[in-house]
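Here are some notes on this model, written as numbered points for a reader who is new to looking at structures. Please keep the sequence and the 3D view open while going through them.

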Amino acid sequence: MQFQGQASLPSPTQGKAVRRYGLIAGWLLLGLLWMQALLRARSQSTLIVDEAVHVWQVSRFMQGQLHSVTQDLTNIPGYHLLVAGLMWLSGSHSLAGMRTIDVCFGLLGGLFFYLARLAQYQAHQGRAVAQFLFFPLLYPYVFLVYTDVLSVALVLAALAATLRHRHVLAALALVAAMMVRQNNVVWAAFLAAYALWPILAKAHWRPMRVMQDLGQAIWPYLVVMALFLAYWAWNGTIVFESVQARTHPDASFHLGNPFFLLCMAGVFLPLQLLGGLRRFLALARADSRWLLLPLATIACYTLCFTVSSRLNFIGIPYFLHNDLLVLVTQEKWASCLFGLVATIAACGLAGTRFASPQGFLLYPVACFYLAASTLIEVRYALVPMALWLALRQQESDGAERATLAIWVAVAQYFALGVLDLRFMP
């Protein structure tokens, strides 16, 4: 019996319809924001920082000058050949056309991110993909002629293939990623270890029992590493143009980028780190040896963190990360705060829940990947952060929704600030 004036509760069917329409509206809004940034990028004709190098190289390839390579190029010009080919197919010759192609690479990265998540999780896929597409440090580069967005997409493609046990396909994606940024060879080691872990665990860590399975899983990744070594021997340096070897020396390791990534995680992942910190404290209560992590982080920061590249001291305050690094080197309070945030972030990341136990292998490999660069750059953290976002379990609905809302606003502010020539992250 229903009393007069009493509101009836929505039926389950109505509730699903409301959620479906809300989801559609949300994606339309996010799509409009992407379109707004793309239109701004297409209307802005000024080359932004490293775009000058990449656009020049693409233009030379479009003119058929395949042997004309600028001395400023640090990466194998696979990105530039691909963009030149796509520009030729489209009949475009403009900067706007090149930037539009990079936006397509960004959407391709979103697809591969979705496939990687789908191989591990079933729930909240749309929200996870939206977070990736609006990750504030990646989003501005989607609208620029830079190699980083394609690099992230190809590494995510390799991850998605590895999670589906398609190891040859993963190796092909990694070779393509190396043709864009050659240091992506490091992820061959990570994905090989990720693939071998369940095989060894099933054999109770007795590799002699499963040598055939191990060989079938690992050989494609070994081929990738061998190709990298062959390139290194042929070229003489890891960077493509040896002139750049002074700025990007081979086999030179520094802790600047690992600590910078930790600080960025502390800034952009506070709600995720809060959940990780709770789990870290539970681990520390159960085993006091976990307390060595913050102590080791503080010790490494105090003894080893330096800003040693001269390029990190230019362009102040246009380059926001350089502005921060200069402040950290000049002000004691900034240095202490930077180290504190990095230490808290390290503990929070240690408490991350991954879909598989071998997910933690990302941390040492990412540290090696980042430490190999003396120049401290936001862009160098993009692949490790993308992999972390793809492999992690999400926190509470409230935390993840709030994160998405904040990231959308910050990402759009960053992108428009970059395109308006006001700053670079």
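1. A cavity, in the sense used here, is a set of grid points where a 1.4 Å probe fits but cannot get out. By that rule, four cavities of 30 Å³ or more are counted in this structure, which is a predicted model.

2. The largest cavity holds about 50 Å³ of space, and its lining is made up of Gly106, Gly109, Phe132, Leu133, Leu138, Val142, Val149, Val152 and Ala153. Helix 4 (95–118), helix 5 and helix 6 are the elements that give two or more residues to this lining. Which helix gives the most to the lining of the largest cavity? Helix 6 does, with three residues.

3. A pocket, unlike a cavity, is an open set of points, and the largest pocket in this model contains about 1,200 Å³ of space. It is lined by 49 residues, of which Thr74, Arg181, His248, Ser373 and Tyr380 are the closest to its centre. At least two lining residues come from each of helix 2 (51–62), helix 8 (186–202), helix 9, helix 13 (320–330) and helix 15. Helix 9 gives the most to the lining of the largest pocket, with four residues.

4. Turning to charged side chains, the structure holds eleven salt bridges. One of them joins the side chains of Arg127 and Asp397, with an N to O distance of 3.3 Å. This pair links distant parts of the chain, since Arg127 belongs to helix 5 (residues 125–133) and Asp397 to helix 17 (residues 397–419), 270 residues apart. The two partners can also be compared with the solvent-facing surface in mind: Arg127 counts as buried because its relative accessibility is 12%, whereas Asp397, at 32% relative accessibility, counts as partly exposed.

5. A salt bridge is also formed between Asp148 and Arg379, whose closest N and O atoms are 3.1 Å apart. Here too the pair links distant parts of the chain, with Asp148 in helix 6 (residues 148–163) and Arg379 in the loop between helix 15 (362–371) and helix 16 (382–391), 231 residues apart. Are Asp148 and Arg379 buried or exposed? Both residues are buried. They also belong to a network of salt bridges that links Asp50, Asp148, Arg181, Glu377 and Arg379, and Arg181 from this network is among the residues closest to the centre of the largest pocket.

6. Glu395 and Arg353 form a further salt bridge, in which the closest N and O atoms are 3.7 Å apart. Because Glu395 lies in the loop between helix 16 and helix 17, and Arg353 in the loop between helix 14 (332–350) and helix 15, the pair ties together parts that are 42 residues apart in sequence. Glu395 has a relative accessibility of 14% and so counts as buried, while Arg353, at 32%, counts as partly exposed.

7. For the aromatic residues, a search of the whole structure finds 31 pairs. In one of them, the ring centres of Phe253 and Phe368 are 5.2 Å apart and the planes stand at 40 degrees, so the pair is described as tilted. Phe253 is in the loop between helix 9 and helix 10 (256–268) and Phe368 is in helix 15, so that this pair links distant parts of the chain, 115 residues apart. Elsewhere, ring pairs link Phe135, Phe268, Trp407, Tyr413, Phe414 and Phe423 into a cluster.

8. The last point concerns the surface, where Val168, Leu169, Leu172, Trp219, Val223 and Leu227 make a nonpolar patch of about 560 Å². The elements that give two or more residues to this patch are helix 7 (167–180) and helix 9 (211–235). Leu227, found in helix 9, counts as partly exposed because its relative accessibility is 45%.

Definitions and conventions: Residues are numbered from 1 along each chain as its sequence is written. This is a predicted model: local features need pLDDT of at least 70, side-chain atom pairs count only at pLDDT 80 or more; totals for chains, interfaces and linings use all residues. Side-chain values use heavy atoms; hydrogens and water are left out. Patches are made of residues with over 30% relative accessible area and no salt bridge: like charges are joined within 9 Å, nonpolar side chains (Val, Leu, Ile, Met, Phe, Trp, Tyr) within 5 Å. Accessible areas come from the Shrake-Rupley method with a 1.4 Å probe; for residues, only the protein chains shown count as cover. A salt bridge is a side-chain nitrogen of Lys or Arg within 4 Å of a carboxyl oxygen of Asp or Glu. Buried means under 20% relative accessible area, exposed over 50%, partly exposed in between (1.4 Å probe, protein chains only). Rings of Phe, Tyr and Trp (its six-membered ring) pair if their centres lie within 6.5 Å; planes under 30 degrees apart count as stacked, over 60 as edge-to-face and the rest as tilted. On a 1 Å grid over the protein atoms alone, a cavity is a set of points where a 1.4 Å probe fits but cannot get out, and a pocket is an open set with protein on both sides within 12 Å along at least five of seven lines; lining residues have an atom within 4 Å of a point. Grid points are joined across faces, edges and corners, and a volume is the space filled by probe spheres set on the points.
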